[in-house]
Amino acid sequence: MGPAPLELDAVTKRFGSFTAVRDLTMSVPKGSIVGFLGPNGAGKSTSLRMALGVLSPDKGKVSLFGAQPNIESLRHVGFLPEERGLYKKMTARATISYFARLKGMSAGESRKRADELLERMGLGDFARSRVSKLSKGMSQKVQILSSLAHQPDFLILDEPFSGLDPVNQQGLEDMIIEEHKRGATILFSTHVMEHAERLCDSIVMMARGRKVFDGTLDEAFGALGRAVLIGVSAGFDLDAALKPKGFEINERSGDIWRVKLPAGVDAQDALRAAIDAGAPITSFRPEEARLRDVFVSLVSEAEAEDLRQSLAADTARKVA
Ligand SMILES: Nc1ncnc2c1ncn2[C@@H]1O[C@H](COP(=O)(O)OP(=O)(O)OP(=O)(O)O)[C@@H](O)[C@H]1O
């Protein structure tokens, strides 16, 4: 099986007194597609830079194919950086073939591969156009193709979907699936949950430099808990009616209430309890959890925890 493409073991990265990544442990197993999620500033790009050896961690250990990132292991990696940048005067074809050659492909092979990839991404007619003549989305596609032209074993894509329209986002999803079928392991960062939902085996979620979740999609939905949405006629207090029956309501939108389902209790039980309590029910729908909900819930928990810790630290300072 060989070593995992990537293992981060308790890595921490500080910039001055600011900790961008704190004690992050994660693993990207061979053959997986892992989504790396988190809001702006969560520490995703910093972690990916450490994975590639562009930044060194202040603490902890990075292992790329079983060793510290080095020239040999990096040949097997394709990387799309968050900061985009291509040589404006080069043609699309020359750009892709140049990056493939840097990673060891022969000149002839790299040109053939560039043509193939440009055709596949709908850019066949622009193969000989200079990058300066391409639209923003087109040059983004050229940059993505440049990262995978040498058929890497491990693809690390930092926000690959940003800057692409919905049709091209779909094209990129298809390409990621193809790369995976070819045998590549893939790690990509995003804050668009839908891509992760469709593509990933597992996800790692970050907030404020800390890992807040690491597991499969099913486990992520499990972390959120199940719920049912019950609509009642205006003015009825469903919370007051269901609380004595052991149900908890944490959200409400107009007259639609989100009733949490404790373990072992299903949606029908909540409906029955609401009817028994005399609720004038207008609608009933078991909630279909989305990754977006899990994300919002875990990120807000992490933010609340941060706030609690800083208030506690403030109080401790004042007392001292
Ligand atoms: N070289 C640096 N010097 C100082 N601070 C930095 C540096 N690089 C990143 N940071 C800070 O570290 C934090 C994490 O940044 P990072 O780019 O890793 O987040 P991210 O999760 O990739 O966010 P985004 O989705 O916005 O790209 C941010 O607050 C950022 O300002």
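Two strands pair if DSSP finds at least two bridges between them. Strands (E, at least two residues) and helices (H or I, at least four) are DSSP runs, numbered from the N terminus. This is a predicted model: local features need pLDDT of at least 70, side-chain atom pairs count only at pLDDT 80 or more, and totals for chains, interfaces and linings use all residues. Residues are numbered from 1 along each chain as its sequence is written.

**Exercise 1. Find the residue opposite R252, then place its strand in a sheet.**

Step 1. R252 stands opposite W257 in β12.
Step 2. Strand β12 covers residues 256-260 and runs antiparallel to β11, joined by five bridges.
Step 3. Now take the whole sheet. It is open, has four strands in the order β11-β12-β10-β13, and its pairing is antiparallel.
Step 4. β11 (248-253) and β13 (281-286) are the edge strands, since each pairs on one side only.
Step 5. On average, neighbouring strands here are turned by 25° against each other, direction ignored. Axes are lines fitted to C-alpha atoms, and angles run from 0 to 180 degrees between N-to-C directions.

**Exercise 2. Trace the two pairings of β10.**

Step 1. Strand β10 spans residues 227-232 and is joined to β12 by five bridges, running antiparallel.
Step 2. Within that pair, G231 has I256 of β12 as its bridge partner.
Step 3. Turn to β13. Five bridges link it to β10, again in the antiparallel sense.
Step 4. Here L229 stands opposite R285.

**Exercise 3. Describe the sheet that contains β3.**

Step 1. The strand order is β5-β6-β7-β3-β8-β9, an open sheet of six strands with mixed pairing.
Step 2. Neighbouring strands are turned by 15° on average, direction ignored.
Step 3. Check one pair. β3 (residues 33-37) and β8 (residues 202-207) are parallel, with four bridges.
Step 4. In this pair F36 stands opposite V204 of β8.

**Exercise 4. List the ligand shell and classify it.**

Step 1. A residue is near a molecule if its C-beta atom, placed from the backbone, lies within 6 Å of it.
Step 2. The residues around the ligand are F15, A20, G38, N40, G41, A42, G43, K44, S45, T46, E82 and H191.
Step 3. Helix α1 (residues 44-51) gives the most to this shell, with three residues.
Step 4. Split by class, the shell has three nonpolar, seven polar and two charged residues. Ala, Val, Leu, Ile, Met, Phe, Trp, Tyr, Cys and Pro count as nonpolar, Asp, Glu, Lys and Arg as charged, and the others, Gly among them, as polar.

**Exercise 5. Report the confidence.**

Step 1. The chain has a mean pLDDT (the predictor's confidence in each residue, from 0 to 100) of 88, and 99% of its residues reach 70 or more.
Step 2. For the complex, the predictor gives an ipTM of 0.94 and a pTM of 0.81.
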